Amino acid sequence: MPGSLVSNSLKPTSSFPLARHRHSLLVLLLAKHFSTRDVYHANLNIAALSRTGNVDAARHLFDKTTTKDVVTWNSMLTAYWQNGFLQHSKALFDSMPLKNVVSWNSMIAACVQNDMLDDAFRYFAATPEKNAASYNAMISGFVKSGRVREAQKLFEEMPRPNVVSYTAMIDGYVREKEFWRARALFDAMPHRNEVTWTVMISGLVENGLYEEAWELFERMPRKNVVASTAMITGFCKQGKMEEAWNLFQQIRCRDRASWNIMITGQYVTCPLVNL
């Protein structure tokens, strides 16, 4: 039966390429799996070596990693500037085959940390797709350097400011003693966190606006030790040691600063009283 012979002879011949194709796919999938796993571990180890200050070992591992993803490059980029090698970060950044927003933000943060605001802004301006972290790093850098108007301009240009953006600007206004601007922004915030409340309260206390500070402190939903210590400082400066002592007793986890200000205030006001 010629028909059956032809049919039988074709079966192994036609199935062989399929089997070989399946084998090739399996090899590729396994290779991809192990490659991805190796890159993941390399990225973790580069970051770990960076945290211990072992930059040479991190670079050695980076060079040994044959398949690098953008996270690998970003890990090495950050390792350099966080350990004081900003120029190495800049050189590595320029040689990156692919950059993402994390890469650009890393360079902005690096320059801000090293008080190179103009360089930071050049990276910021060149960032193709900015996110909230891009704006916040630049705004915080300007505020830290006393360039509050430039910070304000960026804040106003920011598509969706978040609690970090608002808090940085409030800090900037407080530093410039523009309390009405700080308070207006504070009141306009859709959401506040403990840092926002603390920055506002501490700024008011530092500038002698004790009643305004106390009014905010009483409204603060979750009072932390920093805000409480700021208010204790205010009470001590006014000689209101009973109020300071009552507030001090309400702090669950007192830190060294709260103890120091209480002891100093008590000693100055009444040297013979022991806590």
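Set aside the neighbours within four places in sequence, and Thr-198 is in contact (heavy atoms within 4.5 Å) with Met-220, Asn-224, Val-226 and Ala-227. This is a predicted model, where local features need pLDDT of at least 70, side-chain atom pairs count only at pLDDT 80 or more, and totals for chains, interfaces and linings use all residues. Residues are numbered from 1 along each chain as its sequence is written, and side-chain values use heavy atoms, with hydrogens and water left out.

Thr-198 sits in helix α11. Helices (H or I, at least four residues) and strands (E, at least two) are DSSP runs, numbered from the N terminus. Thr-198 has 10% relative accessibility, so it counts as buried. Buried means under 20% relative accessible area, exposed means over 50%, and partly exposed lies in between (1.4 Å probe, protein chains only).

Now take the whole chain. It has 15 helices and zero strands. Of its 275 residues, 38% count as buried. Look at contacts between residues at least 6 apart in sequence: 51% of them join residues at least 24 apart.

Next, a helix pair. Two packed helices are described by the angle between their axes and the distance between the axes. Helix α10 (residues 179–188) packs with helix α11 (residues 194–206) at an angle of about 155°, and their axes are 11 Å apart. Axes are lines fitted to C-alpha atoms, for helices over the stretch in contact, and angles run from 0 to 180 degrees between N-to-C directions. The two helices are therefore roughly antiparallel (an angle over 145 degrees).

Which residues meet? From α10 come Phe-179, Ala-182, Arg-183 and Phe-186; from α11 come Thr-196, Trp-197, Met-200, Gly-203 and Leu-204. Six of the residues in this contact are nonpolar, two are polar and one is charged. Ala, Val, Leu, Ile, Met, Phe, Trp, Tyr, Cys and Pro count as nonpolar, Asp, Glu, Lys and Arg as charged, and the others, Gly among them, as polar.

Helix α14 (residues 241–250) shows two sides. Met-241, Ala-244, Leu-247 and Phe-248 are buried. Seen down the axis of α14, these buried residues fall within an arc of 130° (taken from the directions from the helix axis to the C-beta atoms), so they line one face. The face turned away from them carries the exposed residues Glu-242 and Gln-250.

Finish at Ser-89, in helix α4 (residues 86–95). Ser-89 is buried, with a relative accessible area of 0%. Not counting residues up to four places away in sequence, Ser-89 touches Leu-77, Tyr-80, Trp-81 and Met-107.

Definitions and conventions
Angles under 35 degrees count as roughly parallel, over 145 as roughly antiparallel, 65 to 115 as roughly perpendicular and the rest as oblique.
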